[in-house]
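Subject: A structure for you to look at

Hello,

I am passing a structure on to you, and my notes follow below it. Please have a look at it first, and then read on.

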Amino acid sequence: MEVLNDINWALVAPLLILQAILTISALVSCIKQKETNGPKWMWILLILFVNLFGAILYFVIGRKNS
Amino acid sequence: MNRFLTLLHKEITELMRNGKLIWLPIVLMIIGISQPLTSYYMPQILDMAGNLPEGASITIPTPTGEEVLSGAMSQYGTIGTLLFALATMNVIAQERQNGSITLVMVRPVNEWQYLGSKTVAQLALLLLSLILSYCLTWYYTNLLFTPVDWQVMLSSLVMYCFWVIFVVCVTIFVGTIIRQSSAIAGVSLLFLALISLLTSLLPKFMEWSPGNIRGEATKLLVEQQWTESAWTVIGSTATLSLLLFIAGVMVMKKYKRY
């Protein structure tokens, strides 16, 4: 994996940080939510493992509006 | 005016509460930044992907800064438009479904104030996210590729903002007609796609079309001058957006039941 050393991490870091903020805020919101559209564990898995789109989908259709 | 400000305040609280204020800027920034980064690391990515026969060599010309920015534009054009429509589809539909629109409208609030507050709040959020994202992308482009003049960057950004305004106005107008939020997103995206399709099929008759905005913005980046056709497109898009907004208010005035 010498390619990994070629990458300038200072460049990629903001991307990873943004990604992390998005995932964490989606997770927190999902856990705090009383009820979601569909099972909650499914949304948690989606947010964690489907990069970017999992969190977007959760925010757009996963939240149940009270 | 005072009532309008109160409604606007309510909209902004709503934006905070449903998390749109967080996810939309972040997602747009991710989409924006990944464009210069993937262009920059393209050789390594191809290397990692492998499957190339031994000794094969691919030379990829390094794109100029302007080309990278116009690549980011096309990302905003596809994924971005989808996100904009998804983000705005719920604004009216949700209040109609849970009945809170009736509670608002029995107060001395007219349709102009109601729809205006919604449009302004959405536009503020979307434009702010777009500006943030585009400026970051510009910063990265300057760092990794040839520098792009800030005036060129700014004028292409302003140009592109009109497309966002158009998308929001279309989605909110469709939202006044249809009740279901998924249908709202579907119909407005279909409409936008139709406009883009017609623009590319009949370029002669559709010079004024809002579908030309991205092309004009790209032209602005590459040729670095503001042309006559840019004014036509901007003028027609602004007029169309305004007409759609007025039409939305007219539709709301006709409601017998919210």
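Which backbone nitrogen lies 2.8 Å from a polar atom of the side chain of Ser209(B)? That of Gly211(B) does.

Before more of this, a word on conventions. This is a predicted model, in which local features need pLDDT of at least 70 and side-chain atom pairs count only at pLDDT 80 or more, while totals for chains, interfaces and linings use all residues. Residues are numbered from 1 along each chain as its sequence is written, chains are lettered from A and ligands numbered from 1 in the order in which they are written, and side-chain values use heavy atoms, with hydrogens and water left out.

Back to Ser209(B). You will find this residue in the loop that runs between helix H9 (181–201) and helix H10 (213–223) of chain B; helices here are DSSP runs of H or I with at least four residues, strands are runs of E with at least two, and both are numbered from the N terminus. Ser209(B) has a relative accessible area of 0% and is buried (under 20%, with exposed over 50% and partly exposed in between, using a 1.4 Å probe and protein chains only). Its side chain makes a polar contact of 2.7 Å with that of Thr199(B) (a pair of N or O atoms within 3.5 Å; within protein, one must be able to donate a hydrogen and the other to accept it, and residues adjacent in sequence count only if both atoms are side-chain atoms). Apart from neighbours within four places in sequence, Ser209(B) is in contact (heavy atoms within 4.5 Å) with Ile195(B), Thr199(B) and Val233(B).

Now to chain A. Its secondary structure consists of four helices and zero strands, and 39% of its 66 residues count as buried.

Finally, the interface. Here 21 residues of chain A are in contact with 27 residues of chain B. Leu11(A), Leu18(A) and Val60(A) supply 28% of the area that chain A buries against chain B, more than any other three residues (buried area is the accessible area, with a 1.4 Å probe, that two parts lose on being put together, summed over both). The elements of chain A that give two or more residues to this side are helix H1 (3–6), helix H2 (9–32) and helix H4 (53–62). H2(A) gives the most, with nine residues. The two chains bury about 2000 Å² between them, 80% of it on carbon and sulfur atoms.

Enjoy exploring it!
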